[in-house]
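Look at the chain shown below before reading on.

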Amino acid sequence: MSQPNSTHSSLNPVMQQQKVIIPNNNGEKLVGILHETGSVEIVILCHGFRSTKESDTMVNLAVALEKEGITVFRFDFSGNGESEGSFNYGYYWSEAEDLRAVIQHFSGTSRRTSAILGHSKGGNVVLLYASKYHDIPTVVNVSGRYDLKKGIEERMGKDFFEQIRKDGYFDVKNKKGEVDYRVTQESLTDRLNTKMHDACLQIDKNCRVLTVHGSADETIPVDDAVEFAKIIPNHKLHVVQGANHVYTKHQTELASVVLPFIKEGIHKVIMKRWDAQSRFFFDLFEVINPPAPSHQTKSSKVRLTPSTTQYRTKRTLKMSQPNSTQNPVMRQQKIIIPNTNGEKLVGILHETGSVEIVIVCHGFRSTKEDDTMVNLAVALETEGISAFRFDFSGNGESEGSFHFGNYWSEAEDLRAVIQYFSGASRITSAIVGHSKGGDAVLLYASKYHDIPTVVNVSGRHNLKRGIEERVGKDFFEIIKKDGYFDVKNRKGEVSFRVTEESLMDRLNTNMHEACLQIDKNCRVLTVHGSADEVIPVEDASEFAKIIPNHKLHIVEGANHNYTSHQTELASVVLAFMKEGLHKGA
């Protein structure tokens with residue numbers, strides 16, 4: 001085994017570590033190191049016999065997973081390393097209960113243990129855990145022993161059994177003749193009575209198990225790995241050629257085998273969640289957004305909200321409770337992000353714990369609190385995807401002055417948001433914008449080619465149009481004369497000012513030319529209402545003509561704000577994103 005204080009290879013420059021102490025069922029403190037990436041998924045690593053969380057294999061695998069954006073926890077079993085308790089020779093099931101305590105701890109902090117991995121004795125522990133508890137989808141057994149009756153004489157010597165029968169214990173000494181640890185008759189019996197064969201037959205067929213073993217393992221023969229492969233139902237075997245028991249020269253290859261298996265498992269869990277939720281998706285919306293009674297007018301606003309008692313009793317997925325019926329999201333957090341001008345952009349994070357996040361962008365003179373913004377965020381959240389809706393600078397709660405144009409400036413605000421979440425180890429899987437926000441996400445995609453899915457909801461293709469309709473026919477004449485034009489509301493109060501500079505900014509923003517620069521691998525969906533009274537549906541058709549990887553969906557009868565079509569809008573957008581996740585897998 002690797003020594004606890006051995007020098008780690010270049011694989012282990014961990015980014016962020018935090019010591020976490022977790023009590024086991026006996027009240028002993030288990031000490032571990034959390035490699036925090038911010039992911040809701042977490043992988044638990046279990047060390048081997050007479051080893052610790054600081055072994056090369058534990059540290060290197062933790063760092064490799066961490067680099068993939070997956071949070072990892074490596075810990076010392078009781079009686080090992082920094083953890084409390086006395087070391088015991090056997091006690092395989094006891095260590096499985098230590099693992100249980102760790103998993104329950106993180107479950108209580110809204111983390112999902114997506115995989116458990118153990119090396120050597122730790123490999124046995126994770127298999128025993130999976131045989132008793134059926135709550136972990138992916139298990140990795142690295143060089144575990146199949147027959148625990150074997151390997152004892154090789155480690156202790158031939159006179160071991162005779163002496164332990166005589167004295168009731170056996171002191172194992174190191175090369176210096178010093179007592180390293182004691183094997184009692186009780187602990188020996190515990191090991192001999194632990195039947196890996198019988199336990200592995202109890203592992204659920206839906207639990208994915210990977211066994212990795214070195215062909216040159218000098219401690220546990222590779223034949224043991226083959227025996228596991230014979231009896232575990234959903235099993236994959238990988239033999240690392242030339243590797244010894246501690247993978248001294250094969251740490252990189254070990255990580256390269258383990259990581260794809262764990263990542264594939266996480267992806268399957270996400271897809272299973274998608275499929276399970278999609279089966280009742282429309283039922284969900286019927287519950288939370290029932291058909292309007294006959295007296296309801298078309299102008300009535302509707303917000304999707306998973307907060308009704310009927311929905312709470314019907315749902316099958318773990319969801320946080322909403323704060324109120326007016327505030328339908330599961331868990332909200334206000335986040336402030338500086339843009340490149342130092343202005344504070346204020347947004348609401350709908351946190352589900354997913355690594356993926358979708359950024360939602362509001363339209364002209366709107367805010368993150370617009371019904372469309374909130375409803376899309378809730379729909380995404382219901383599907384287990386974190387969403388962030390924010391105010392562009394000069395709008396809502398964000399700092400800065402409102403400008404009539406500034407399309408590219410808003411694209412840069414979006415850039416600041418995406419970079420912020422990237423720095424927090426989140427992956428922006430999609431950007432969605434409504435109206436002017438639709439133009440902002442398309443402009444972003446034309447300049448930065450790092451987002452695989454873009455959704456343009458009712459954006460304008462020709463920005464030279466729609467100005468007179470909004471501000472009046474005498475607009476151009478006044479702005480040429482005075483250099484600005486004050487747009488007033490129905491009460492005659494100034495709503496906002498259009499300067500000549502901001503007007504020219506809009507007129508010089510060429511959506512046609514920008515869209516030609518969107519990467520062919522970027523999937524773009526344009527959704528538009530057939531009854532849009534602000535931007536004609538023909539604009540959507542123009543986008544469809546020039547964007548290479550484009551899909552167009554017309555919502556029949558929908559106006560610009562989708563007043564009576566919020567559910568259909570959400571279903572179209574989510575289906576497109578779900579398809580994107582499948583293709584990106």
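A residue is called buried when its relative accessible area is under 20%, exposed when that area is over 50%, and partly exposed in between, using a 1.4 Å probe and protein chains only. The structure is a predicted model, in which local features need pLDDT of at least 70 and side-chain atom pairs count only at pLDDT 80 or more, while totals for chains, interfaces and linings use all residues. Residues are numbered from 1 along each chain as its sequence is written, and side-chain values use heavy atoms, with hydrogens and water left out.

Start with the chain as a whole. The protein chain has 585 residues, of which 54% are buried. The chain contains 20 helices and 20 strands. These elements are DSSP runs numbered from the N terminus: helices are H or I with at least four residues, and strands are E with at least two. A contact means heavy atoms within 4.5 Å. Among contacts between residues at least 6 apart in sequence, 71% join residues at least 24 apart.

Next comes a sheet. Two strands pair if DSSP finds at least two bridges between them. Eight strands form an open sheet with mixed pairing, in the order β11-β12-β14-β13-β15-β16-β19-β20. At its edges are β11 (332-338) and β20 (550-555), each of which pairs on one side only. On average, neighbouring strands of this sheet are turned by 20° against each other, direction ignored. Axes here are lines fitted to C-alpha atoms, for helices over the stretch in contact, and angles run from 0 to 180 degrees between N-to-C directions. At one end of the order, β19 (residues 523-529) and β20 run parallel and are joined by six bridges. H528 stands opposite I554 in β20.

Which strands does helix α14 touch as it packs on the sheet? Helix α14 (residues 436-447) touches β13 (356-361), β15 (427-434), β16 (453-457) and β19, and its direction makes about 140° with that of β15. Another helix, α19 (residues 538-546), lies across β16, β19 and β20 and runs at about 165° to β20.

From its first C-alpha to its last, the 12 residues of α14 reach 17 Å, close to the 16 Å expected at 1.5 Å a residue. The expected span is 1.5 Å times one less than the number of residues. Because 11 of its 12 residues are buried, α14 is largely enclosed by the rest of the structure. Among the buried residues are G437, G438, V441 and L442.

Two packed helices are described by the angle between their axes and the distance between the axes. For α13 and α14, the angle is about 70° and the axes are 8 Å apart. That makes α13 roughly perpendicular to α14; angles under 35 degrees count as roughly parallel, over 145 as roughly antiparallel, 65 to 115 as roughly perpendicular and the rest as oblique. The residues of α13 that meet α14 include Y407, W408 and E412, and those of α14 that meet α13 include Y444 and K447.

Charged side chains give further links. A salt bridge is a side-chain nitrogen of Lys or Arg within 4 Å of a carboxyl oxygen of Asp or Glu. The whole structure has 24 salt bridges. One of them joins the side chains of E412 and K447, at 3.0 Å from N to O. E412 lies in helix α13 (residues 407-423) and K447 in helix α14, so this pair ties together parts that are 35 residues apart in sequence. E412 is buried, at 19% relative accessible area, whereas K447 is partly exposed at 45%.

A second salt bridge joins R50 and D180, at 2.9 Å from N to O. R50 lies in the loop between β3 (41-46) and α1 (56-67), and D180 in strand β8 (residues 179-184), so the pair ties together parts that are 130 residues apart in sequence. R50 is partly exposed at 30%, and D180 is partly exposed at 38%.

Strand β8 also holds R182, and R182 pairs with D171 in strand β7 (residues 169-173), so parts 11 residues apart in sequence are tied together. In this salt bridge the closest N and O atoms of R182 and D171 are 2.7 Å apart.
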